[in-house]
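Let's take a friendly walk through a protein model together. Have a look at the picture first, and then read on.

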Amino acid sequence: MRPEVSAFVADGPLPDEEAGEDEIDRRARQLEAMSRPLSLAEAKALAGCFGPDDCYGLAWTMTHLIETAPGPVRTPAPAPEAGAHARIRGWAVAAGLVTEGAGSGASGGEDTGGFPA
C-alpha cells in the first residue's frame, strides 16, 4: 500500500462535521495527495474509513477515490442509523463500486448515474 494511503488509514475514520477546521483540512489534504488509480487493497482500506457523516464532502471524495480501483470492494453494511455513511454506501453499491453481501455480481467502474431511493 502506498504511504499516503497507509497514513490516511492509520489516522482512522473521517471525523464528523463537528471536528475542528484544521482536522478537516488535514484529512482533505491527505485525500488530495493520493495518486490514482487505487489498488483494490487500497480501496478496501479506504472503505473502512467512512465516518459518521459526509464530513463536508470528504466522504464523497473518498468514494470517488475508491471508484478508481479496478473492481468492486466488499465492505460490511453500516448500521441503519449510520446516516450519511449509509446513504453514501448505498450509492456506492448502486454504482457497482462496492458489493453488498456474498454472491453479488456487481462490477466496478460502472456508474449507473442514479441514487438509491
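## Two neighbours in a loop

Tyr56 sits in the loop between H3 and H4; helices here (H or I, at least four residues) and strands (E, at least two) are DSSP runs, numbered from the N terminus. Its phi is near 55°, which is a positive value in a residue other than glycine. Is Tyr56 buried or exposed? With 56% relative accessibility, Tyr56 counts as exposed, where buried means under 20% relative accessible area, exposed means over 50%, and partly exposed lies in between (1.4 Å probe, protein chains only).

Cys55 is also found in the loop between H3 and H4. The phi of Cys55 is near 50°, again a positive value in a residue other than glycine. Cys55, however, is buried, with a relative accessible area of 0%.

Residues are numbered from 1 along each chain as its sequence is written, and side-chain values use heavy atoms, with hydrogens and water left out.

The protein chain has an average pLDDT of 79, and 68% of the residues score at least 70; pLDDT is the predictor's confidence in each residue, from 0 to 100. Over residues 102-117 the pLDDT is below 50, and this stretch has 28 contacts in the model beyond near neighbours in sequence. A contact means heavy atoms within 4.5 Å. Where pLDDT is low, the predicted coordinates should not be read in detail.

## Two helix pairs

Now for the helices. The table gives the approach of their axes, which are lines fitted to C-alpha atoms, for helices over the stretch in contact, with angles running from 0 to 180 degrees between N-to-C directions.

| Pair | Axes come within | Crossing angle |
|---|---|---|
| H2 (residues 21-32) and H4 (residues 58-67) | 11 Å | roughly 15° |
| H1 (residues 3-10) and H3 | 9 Å | roughly 20° |

H1 passes H3 in a left-handed crossing, meaning that the near helix is turned anticlockwise from the far one by less than a right angle (clockwise would be right-handed). Val5, Phe8 and Val9 of H1 make the contact with Glu42, Ala45 and Leu46 of H3.

H2 and H4 are likewise roughly parallel to each other, and H2 passes H4 in a left-handed crossing. Here Ile24, Arg27, Ala28 and Leu31 in H2 meet Leu58, Thr61, Met62 and Leu65 in H4.

## A buried methionine and other spots

Met62 lies in helix H4 and, at 0% relative accessibility, counts as buried. Which residues does Met62 touch, not counting those up to four places away in sequence? Met62 touches Phe8, Leu14, Leu31, Leu46, Cys49 and Phe50. Met62 and Ala28 are 34 residues apart in sequence and 9.4 Å apart in space, C-alpha to C-alpha.

Gly71 is in the loop between H4 and strand E1 (73-74) and is buried, with a relative accessible area of 10%. Gly71 and Leu40 are 31 residues apart in sequence, yet 6.9 Å apart in space, C-alpha to C-alpha.

Finally, Pro37 is found in the loop between H2 and helix H3 (40-47). The peptide bond from Arg36 to Pro37 is cis, with omega near 0°.

Technical notes. This is a predicted model: local features need pLDDT of at least 70, side-chain atom pairs count only at pLDDT 80 or more; totals for chains, interfaces and linings use all residues. Angles under 35 degrees count as roughly parallel, over 145 as roughly antiparallel, 65 to 115 as roughly perpendicular and the rest as oblique.
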